[in-house]
Amino acid sequence: MTRSNFTILLGGALTLTERLAAQLSGSRFIAADGGMRHAKMLGVVPELWVGDFDSTEEALFSDFAEVPREKYPAAKNATDGEMAVEAALSRGATSLIFAGALGGTRSDHAFLHLLRLAALAEEGHAAFMTSGEEEAYPLTPGTQEIDLPQGSLFSILGFTELEGLSIEGARYPLDDFKLPFGSSRTISNVAEGPVRLSLKSGRAVVLARPYDLSGA
């Protein structure tokens with residue numbers, strides 16, 4: 001099956017790095033409200049622009065006048081980002097990148113994005129989030145590998161108790177470990193190259209800082 005990669009442009013911080021440019025190569029784009037400002041920096045024209053447009057700079061409306069818009073009322077039952085995800089899935093998205101999902105002025109939105117990332121993974125959708133300088137990956141039961149530069153920092157944040165957590169390719173490995181809910185045991189690890197993770201049960205996210213080599 002041909003993969004259809006979609007990038008959702010959100011309103012949080014976004015820095016254009018070589019790693020980000022490579023990750024977005026070949027992607028299709030949908031902007032959520034004020035996330036459209038990142039399109040100028042990235043040099044892309046999204047195929048759709050959704051939201052209530054309460055956080056969009058006025059100049060963007062003329063800069064991207066050709067982009068089809070789906071306008072929703074401010075009083076709605078979903079965030080602009082969630083509506084952008086639904087639009088991408090309806091267009092056949094098989095993997096999702098959330099650019100500008102981390103940080104920003106609304107911590108409630110940032111936390112929700114992490115929860116939504118975990119939910120999408122449980123629904124069988126490949127997805128990750130990035131600010132260019134920081135990345136978030138869902139960690140659900142199974143095995144996965146995250147390609148991180150040697151010496152870069154990463155942490156695992158459990159949304160639940162984690163059973164059977166194993167970490168390979170890191171300074172502080174674990175083997176079939178039970179991580180209590182709320183534990184700081186898996187904060188500030190250091191990648192020794194690609195990191196291999198496996199989990200038997202639980203929900204978590206991996207927060208990585210590929211350009212932060214302070215732990216090297």
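Reader: How many of the six residues of strand β13 are buried?

Author: In this predicted model, strand β13 spans residues 204-209 and is mostly covered. Buried here stands for a relative accessible area under 20%, and the number of β13 residues in that class is five.

Reader: Which residue in β13 is the bridge partner of E135?

Author: Strand β13 pairs with β7 in the antiparallel sense, over five bridges, and it pairs with strand β9 (residues 153-158), also in the antiparallel sense, over six bridges. For E135, which lies in β7 (135-139), the bridge partner in β13 is A208.

Reader: Which residues lie closest to the centre of the second largest pocket?

Author: The space in this pocket comes to about 360 Å³, and 20 residues line it. At least two lining residues come from each of β5 (95-99), β6 (126-130), β7 (135-139) and β8 (142-146). By class, the lining has 11 nonpolar, eight polar and one charged residues. Closest to the centre of the pocket are H125, A126, A127, F128 and P138.

Reader: Where in the chain is confidence highest, and what is the mean there?

Author: Across the chain the pLDDT averages 90, and 95% of the residues score at least 70. Confidence is lowest in helix α3 (residues 58-63), where the mean is 83, whereas the highest value belongs to strand β10 (residues 162-170), with a mean of 98.

Technical notes
Residues numbered from 1 in each chain as written. Predicted model: local features only at pLDDT ≥ 70, side-chain atom pairs only at ≥ 80, totals over all residues. Heavy atoms only, no water. 1 Å grid on protein atoms, 1.4 Å probe; cavity = no way out; pocket = protein on both sides within 12 Å on 5 of 7 lines; lining within 4 Å. Points joined across faces, edges and corners; volume = space filled by probe spheres on them. Helix = DSSP H or I, 4+ residues; strand = E, 2+ residues; numbered from the N terminus. Nonpolar A, V, L, I, M, F, W, Y, C, P; charged D, E, K, R; others polar. pLDDT = per-residue confidence, 0-100. Buried < 20%, exposed > 50% of the residue type's maximum accessible area, 1.4 Å probe, protein only. Pairing = 2+ DSSP bridges.
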